[in-house]
Amino acid sequence: MIEFHLDSRSGVAPYQQLIRQVRHALRLGLLRAGDQLPTVKDVAGSLAVNPNTVLKAYRELEYEGLVAAKPGVGTFVTKTVSEASVAAHQRLSLELSAWIGRAQQAGLDLESIEALFQRAVRSAAREEAV
Amino acid sequence: MTDATAAIEARGLGKRYGHRWALTDCTLTVPAGHVVGLVGPNGAGKTTLISLATGMLAPTTGTVEVLGARPTSGPRQLARVGYVAQETPTYAGLSVADHLRLGAHLNPRWDAGLARRRIEQLGMDLKQKAGNLSGGQRAQLALTLALAKRPELLILDEPIASLDPLARREFLQVLMDATAEQEFSVVMSSHQVADLERVGDYLIVLIDSRVQVAGEVDHLVATHHLLTGPRRDRAGLPANQQVITDSHTGRQSTFLVRSDEPIIDPAWTVSPVSLEDIVLGYMGHSSARSADIKMLGARR
């Protein structure tokens, strides 16, 4: 079982934050097929968040095929992120660390690096949306 | 949702005290099935609107319907609506148990099991006098009474305004837990917009008795954008971008706009806005407009 948290200053909508946390846990192997997600009532009560927000997040995850709702029982993870993509993750993470090292050597401070990275992510997201 | 009965429906609603109007010509629909945040500056008419909706006041003009009926139409209507007034009042001289007994006598749909369970969960002593409870516990007691009534609509007037951050969070946790369990509609007035962003899924901004903006929170956040870029006039923006606020320096312009379509102009840096930014934007928008009107008056 995972525990959710919300960052009210992140500028990311609460339901998006919940979705990201589930995806993140899947990628890191913290959630596997068959695991149950906390009930809507539990999440609403512990985070003081609107139950519709939790429902919306779970529905979106269901639409993506990551979880399935069993009526009257709960919401369960249906897909384990494959070992291969976990391995790819590690390799990419190493490459990114190396890239950050090169950027620092080129004289960029961490804030500039973050700005560069965010801009690249945003423009990729925009292309994906088109 | 289209033919669902509204939680609150006001048409041309007004209330006058002597010469002073506390609410004028207010027309609004509060949809059912949501946790609705009602925000606006002090004096906007929020408490007056709530008092009219709960039947504590009679309107001077117009009509208000709650769950499809007049607030003062009888005991059946009173049983359908839970109400927690400002400062979450309780009877200081009565114990927690006395409050529960009182609730049981006064409410036909009283759920004694629910009341007892909630009080137990909160760790409250039944023998304690309400006057000796902390502010947070008093608020929880008032909320418990309203929940045990098994209302279809729960109206809360600034329930968390005077609570410390921990008590505020605990109050909202219980409220959300109950909302998930009992499935009632909630209307809550508050200045704590950051809290409303979590617990609310629908927002109404009321300024000078007028609804400035109303809609589902996710939709409002998705359709408002902060644009910054090289200096440009308000008139230079496309017609589908409604300007809420703008500010300019020698070289730079900043706009808060509402637009259903994505912002594609590459000159702008587009940043997402929080619900608080949106609410403050509309409040600033309206005070700037009334300042304009005052200046025009002064010139004449």
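**Where the chains meet**

Modeller: Happy to! The contact (heavy atoms within 4.5 Å) draws on 17 residues from chain B and 17 residues from chain A. This is a predicted model, in which local features need pLDDT of at least 70, side-chain atom pairs count only at pLDDT 80 or more, and totals for chains, interfaces and linings use all residues. Residues are numbered from 1 along each chain as its sequence is written, chains are lettered from A and ligands numbered from 1 in the order in which they are written, and side-chain values use heavy atoms, with hydrogens and water left out.

The size of an interface is often given as the accessible area lost when the parts come together. Here, chain B and chain A bury about 1400 Å² between them, with 52% of it on carbon and sulfur atoms; buried area is the accessible area (1.4 Å probe) that two parts lose on being put together, summed over both.

Three salt bridges are counted between chain B and chain A, a salt bridge being a side-chain nitrogen of Lys or Arg within 4 Å of a carboxyl oxygen of Asp or Glu. In one salt bridge, the side chains of A:Lys41 and B:Asp177 come together at 3.1 Å, N to O.

On chain B, helix 6 (165–182) and helix 7 (193–199) each supply at least two residues of the side that touches chain A. Helices here are DSSP runs (H or I, at least four residues), numbered from the N terminus. Helix 6 of chain B gives the largest share of that side, eight residues. By type, the residues of the side of chain B that touches chain A are six nonpolar, four polar and seven charged, where Ala, Val, Leu, Ile, Met, Phe, Trp, Tyr, Cys and Pro count as nonpolar, Asp, Glu, Lys and Arg as charged, and the others, Gly among them, as polar.

Across on chain A, have a look at helix 2 (residues 40–47), whose buried residues are A:Val43, A:Ala44, A:Gly45 and A:Leu47. Buried means under 20% relative accessible area (1.4 Å probe, protein chains only). Those buried residues of helix 2 of chain A pack against helix 1 (14–27) and helix 3 (51–63) of chain A, and also against helix 6 and helix 7 of chain B. After helix 2 of chain A comes A:Ala48, with a positive phi near 55°.

Notes:
Buried < 20%, exposed > 50% of the residue type's maximum accessible area, 1.4 Å probe, protein only.
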